[in-house]
Each structure stands twice: as C-alpha cells, then as structure tokens.
Amino acid sequence: MTGTEQTPEAEGQVSDAVTGNWVDTKAPAGLRPYLRLSRADRPIGSWLLLLPCWWGLLLAMVHDGRMGWYDLWLAVGCAIGAVLMRGAGCTWNDITDRDFDGKVARTASRPIPSGQVTVKKALVWLCLQALISFGILLTFPVQAILLGIAALVPVAIYPFAKRFTWWPQLFLGIAFNWGALVGWTAHTGELQPPAIMLYMAGMAWTLFYDTIYAHQDTEDDALIGVKSTARLFGSDTPKWLARFLVATVAIMGLAVIATATETGEILQMVILLAGPWAMGWHLMWQMRRFKDDDSAVLLRIFRSNRDAGLIPVLFFAAALFA
C-alpha cells in the first residue's frame with residue numbers, strides 16, 4: 001500500500017457501509033461521524049422504517065376512497081420522519097451498545113467505539129434529530145401524534161432486548177412497523193383493524209429480514225453473550241424464514257381483504273392482493289439465496305428488502321386508480 005492510500009478504518013468509514021456512499025464521499029468532513037451514527041451511509045434502515053408508513057397510508061386511502069394534497073404531505077412527512085427517527089434510534093442504539101460494538105468485528109468501526117464521536121455529543125445529536133422529527137409529527141392529526149409519541153417506548157426498549165431475550169428481532173418489529181398504525185390513522189383519524197393487521201404483517205416481515213441480518217454476527221454474539229433469533233434458530237433458520245414469509249403474506253392479505261371488502265370493488269381487491277402475493281415471491285427468492293456462513297450474501301439479501309417492501313406500495317397505489 002502506498003503512502004497516499006488509506007484503509008476504510010483510517011478514513012472513518014464503517015465496515016458494512018455501501019462503498020462510495022454519499023456520506024463518505026460528499027458530506028462535510030465534520031458532519032460525517034454524526035451521519036454515520038445515524039446510518040445515513042446505510043439507508044436501508046430508513047426504507048424499512050418508512051415502507052410500513054406508506055402501506056398504512058395508501059391502504060387507508062383505498063379504504064376511504066379519497067385522497068388529497070394533505071395525503072401527499074403525510075407521505076412526505078413520513079419519509080422525512082422515518083429518516084430522522086431511524087437516525088435517532090440508531091444513535092440511541094449505538095450509545096447503549098457501545099461496549100458490545102467494540103467487541104464485534106462488524107460494528108467496531110462505528111463512530112462511538114471507534115472514537116469518532118463522544119457519548120455526550122451523540123446524546124445531543126439524538127435530541128436534535130428527535131426534536132425535528134417531533135416538529136413534523138405535530139403537523140399530523142392528534143390521533144396520529146399520540147401514536148407517534150407512544151412509539152418511543154419500543155424504540156427505547158429495543159437496544160436492551162438482546163440482553164434478556166432470544167427474540168430481540170420481535171422487539172425491532174414492534175418498533176419498526178409502528179408507522180403502519182400512524183400512516184393509517186393520520187389519514188382516517190382513527191385506528192382500525194386493517195391497520196393492526198398490516199402492523200402484524202410488518203412484524204413478521206421484520207423477523208424474516210432481521211434474522212437474516214443477525215446471521216452475520218452469530219459467532220461474535222456467542223462470544224459476548226448477545227442473543228438473537230439467528231443464534232436461537234441456528235441450522236433451522238430456513239424453516240423459520242418460511243414461517244415468517246407465510247405469516248407476512250397471509251396477514252397482509254387479510255388486511256387487504258378487510259379493506260377491499262368495505263369498498264366492494266372486485267378489481268381493487270385483485271390489485272391489492274397482488275401486493276402481498278408478489279412480495280411473497282420476492283421473499284422466497286431471498287430464501288433460496290440464503291447462506292448462513294456468507295456475510296456478503298447475507299448483507300445483500302437483507303438490503304434487497306427495500307425492493308420487497310416497495311412491491312405492496314406500488315400495488316396499493318395502483319389500486320387507488322382502479
């Protein structure tokens with residue numbers, strides 16, 4: 001290596017970030033550690049937080065048979081809020097996990113264990129993101145605001161789940177899919193059964209994709225005593241992934257049927273049902289490529305869930321015009 005070359009660690013890059021991402025190449029140098037703390041160099045998490053919001057909002061619009069300019073703001077507000085709250089959640093996660101992260105190869109390069117950001121500065125950054133996100137939430141109807149505030153409880157608990165349960169992925173699902181409830185309620189003004197079904201479908205989906213993700217760290221997790229569904233399932237993981245796949249498709253299908261039954265439109269129901277069906281095929285494609293001993297494959301499969309989650313969004317949006 002020549003004297004002008006630098007390793008990713010020397011440049012402050014995080015080991016599992018996308019190569020050549022905008023944070024490491026275009027963001028101001030002083031801001032990069034904080035953007036890395038928010039996982040802005042790994043946008044997949046923001047997508048996974050956002051997509052259930054759009055599911056709920058779009059399905060609520062189909063349910064009510066109406067859409068307006070305010071719904072456009074709700075969609076945009078959910079997107080901005082997802083980025084900010086995902087960043088705040090990751091910051092909180094890294095603060096609470098800083099001792100664990102320093103002992104795991106994949107996470108040792110994160111800003112806090114690598115010394116790029118102090119805990120005190122991370123707390124300030126967390127509060128800044130949360131406050132801006134709260135300002136956006138205040139533009140939503142009061143019922144959605146209350147639901148959004150309630151979401152802070154599972155977000156706060158999640159980082160500690162891996163210390164007391166083999167199912168921390170379930171706690172992640174509880175937190176990450178809350179947007180399905182908020183998106184639906186922001187449009188309709190009340191929480192209704194289809195939104196709860198969507199929420200449960202999202203939880204099953206999270207168990208699917210985050211079990212895949214957790215397989216990257218099974219050896220390190222075993223050494224430091226961190227629990228996960230990946231460690232719990234072991235060689236039986238493919239069987240559990242199949243169960244989560246079926247649950248995702250079936251429960252989302254029930255949410256769609258409950259919505260379309262009220263509209264009475266057969267064509268709408270067909271289009272809506274195509275969403276979970278097509279998503280199921282994508283998840284099956286992921287299962288066929290699953291290799292529990294290949295971190296690169298695991299990460300690639302995990303990131304493909306942005307596309308999996310966008311499939312229902314496209315079909316739900318199409319149903320609006322049926």
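## His282 and its surroundings

Setting aside residues up to four places away in sequence, His282 touches Ser304, Asp307, Ala308 and Ile311. This is a predicted model, by the way. His282 sits in helix α16, which spans residues 266-289. With a relative accessibility of 16%, His282 counts as buried, because the cut-off for that label is under 20%.

## The nonpolar cores

Now for the inside. The largest nonpolar core has 67 residues, and those with the most contacts inside it are Trp55, Phe140, Leu198, Trp205, Phe208, Leu272 and Phe316. Helix α4 (residues 44-64) supplies the largest share of this core, with 13 residues.

What does Leu198 touch, leaving aside its neighbours within four places in sequence? Leu198 is in contact with Trp55, Gly56, Leu59, Ala180, Met252, Ala255 and Phe316. There's also a second, separate core of 8 residues, with Tyr34, Leu37, Ala122 and Trp125 among them.

Helix α8 (residues 142-150) gives the most to the patch, contributing 3 residues. Ile149 lies in that helix, α8, and Ile149 is partly exposed at a relative accessible area of 38%.

## Salt bridges

Side chains of opposite charge can pair when their charged atoms come close. The structure holds 9 salt bridges. One of them joins the side chains of Asp24 and Arg36, at 2.8 Å from N to O. Asp24 is in helix α2 (residues 22-25) and Arg36 in helix α3 (residues 32-37), so this pair links distant parts of the chain, 12 residues apart. Both Asp24 and Arg36 are buried.

Arg39, Asp94 and Arg110 are linked in a network of salt bridges.

## Asp97 and its two partners

Asp97 is worth a look of its own. The side chains of Asp97 and Lys162 meet in a salt bridge, 2.8 Å from N to O. Asp97 lies in the loop between α5 (69-96) and α6 (98-101) while Lys162 is in helix α9 (residues 152-164), so the pair ties together parts that are 65 residues apart in sequence. Asp97 and Lys162 are both buried.

Asp97 also forms a salt bridge with Arg163, with the closest N and O atoms 3.2 Å apart. Arg163 is in helix α9 too, so this pair ties together parts that are 66 residues apart in sequence.

Terms used
Residues numbered from 1 in each chain as written. Predicted model: local features only at pLDDT ≥ 70, side-chain atom pairs only at ≥ 80, totals over all residues. Heavy atoms only, no water. Helix = DSSP H or I, 4+ residues; strand = E, 2+ residues; numbered from the N terminus. Buried < 20%, exposed > 50% of the residue type's maximum accessible area, 1.4 Å probe, protein only. Contact = heavy atoms within 4.5 Å. Core = buried A, V, L, I, M, F, W, Y, C linked by side-chain atoms within 4.5 Å. Salt bridge = Lys/Arg side-chain N within 4 Å of Asp/Glu carboxyl O.
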